[in-house]
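Hello,

Here is the structure for you to look at. Please open it first, then read my notes below.

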Amino acid sequence: MDLLYVLTGAVVGFVIGLTGVGGGSLMTPILVLGFGINPAIAVGTDLLYAAITKCGGVFFHNRNGTIDWKIVGLLASGSVPTSILTIFGLKWLTLMNLDYERIMTLTLSIMLIGTSLVVIMKDRLLSYMHGAVKFSNGNTKQRHRIRTYLTVLCGILLGFVVTVSSVGAGAIGAAILFLLYPSKRSTSIVGTDIAHAVPLTAIAGFGHIQLGSVDFQLLGGLLVGGLPAIYLGSHIGKTMPDSLLRPVVASVLFVLGLRLAF
């Protein structure tokens, strides 16, 4: 097992535990830019890494009743079929000898920049959420129906971008839920987002196994370093100011996104 993979998993896992930012936002660009790993391999491997490392979060949130399984079902009804169709699309591109790595890299770049903006604008998003509670409480059946459709449509979007880039199931997914369900508590939004991310990343990851774009040796090293580091980072993160960590993480994601784009 390559020690560098273990150390990379530990560093990224520590940042995940410290800030809550999804692993795909950091892991995939590090593997591509830092190790020169094929983008498809990096995405496929990171999807399984995300699915495994988020399982503990689902257990915790479910035990505390902070998962809205109805919303999870709505998101998954759009994301899971889309993820499967995207895998078939990537398979077709492979059979046609067409290079889809540039598509993956460009999507990854856009998602990293988008995630950096979501991270830095978290307070404004929360402010909007609280300001929209009255509107949400006055929902009519028609508004409820529209929100249901929008949730499924957002699931479709997440299904595509997560399968292609491994980014979006965390910060972007949570941002969508904040906007669509402003009356829900932050803990419920986070729990619901994680609960949806696990099946989505797992299905997308297994799809990449079929494409041959998962490196199991790399995955093992990342997990050995990442799992204990996430636990450590989550405990240390409780004592560190969010206002200090968030700009640093957002800046790193923004730079990585630009680097991949050019």
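Does Ile37 count as buried, partly exposed or exposed? Ile37 counts as buried, because its relative accessibility is 14%. Here buried means under 20% relative accessible area, exposed means over 50%, and partly exposed is in between (1.4 Å probe, protein chains only). The areas come from the Shrake-Rupley method with a 1.4 Å probe, and for residues only the protein chains shown count as cover.

A word on the source. This is a predicted model, with residues numbered from 1 along each chain as its sequence is written, and local features need pLDDT of at least 70. Side-chain atom pairs count only at pLDDT 80 or more, while totals for chains, interfaces and linings use all residues; side-chain values use heavy atoms, with hydrogens and water left out.

**Overall layout**

The protein has 12 helices and 0 strands. Its pattern along the sequence reads α-α-α-α-α-α-α-α-α-α-α-α. Helices (H or I, at least four residues) and strands (E, at least two) are DSSP runs, numbered from the N terminus. Of the 262 residues in the protein, 52% are buried.

**Contacts across the sequence**

Back to Ile37. You will find Ile37 in the loop between α2 (23–35) and α3.

Next, go to Val198 in helix α10. Val198 counts as buried, because its relative accessibility is 14%. Val198 and Val58 are 140 residues apart in sequence. In space, their C-alpha atoms are 8.0 Å apart.

Then look at Phe262, in the segment after α12 (242–261). Phe262 counts as exposed, at 79% relative accessibility. Leu106 is 156 residues away from Phe262 along the chain. The C-alpha atoms of Phe262 and Leu106 are separated by 9.3 Å.

**The salt bridge**

The structure holds 1 salt bridge (a side-chain nitrogen of Lys or Arg within 4 Å of a carboxyl oxygen of Asp or Glu). Asp68 forms it with Lys184, and the closest N and O atoms are 2.8 Å apart. Asp68 lies in the loop between α3 (39–63) and α4 (69–95), and Lys184 lies in the loop between α9 and α10, so the pair ties together parts that are 116 residues apart in sequence. Lys184 counts as partly exposed, at 23% relative accessibility.

**Helices α9 and α10**

Helix α9 covers residues 171–180, and helix α10 covers residues 186–211. They pack at an angle of about 135°, with their axes 9 Å apart. Axes are lines fitted to C-alpha atoms, for helices over the stretch in contact, and angles run from 0 to 180 degrees between N-to-C directions. The two helices are therefore oblique to each other. Angles under 35 degrees count as roughly parallel, over 145 as roughly antiparallel, 65 to 115 as roughly perpendicular, and the rest as oblique.

Helix α9 is mostly covered, with 8 of its 10 residues buried. Among them are Ile172, Gly173, Phe178 and Leu180.

**A surface patch**

Ile146, Leu150, Leu153 and Ile156 make a nonpolar surface patch of about 330 Å². Patches are made of residues with over 30% relative accessible area and no salt bridge: like charges are joined within 9 Å, nonpolar side chains (Val, Leu, Ile, Met, Phe, Trp, Tyr) within 5 Å. Ile146 lies in helix α8 (residues 141–165). Ile146 counts as partly exposed, at 42% relative accessibility.

Best wishes
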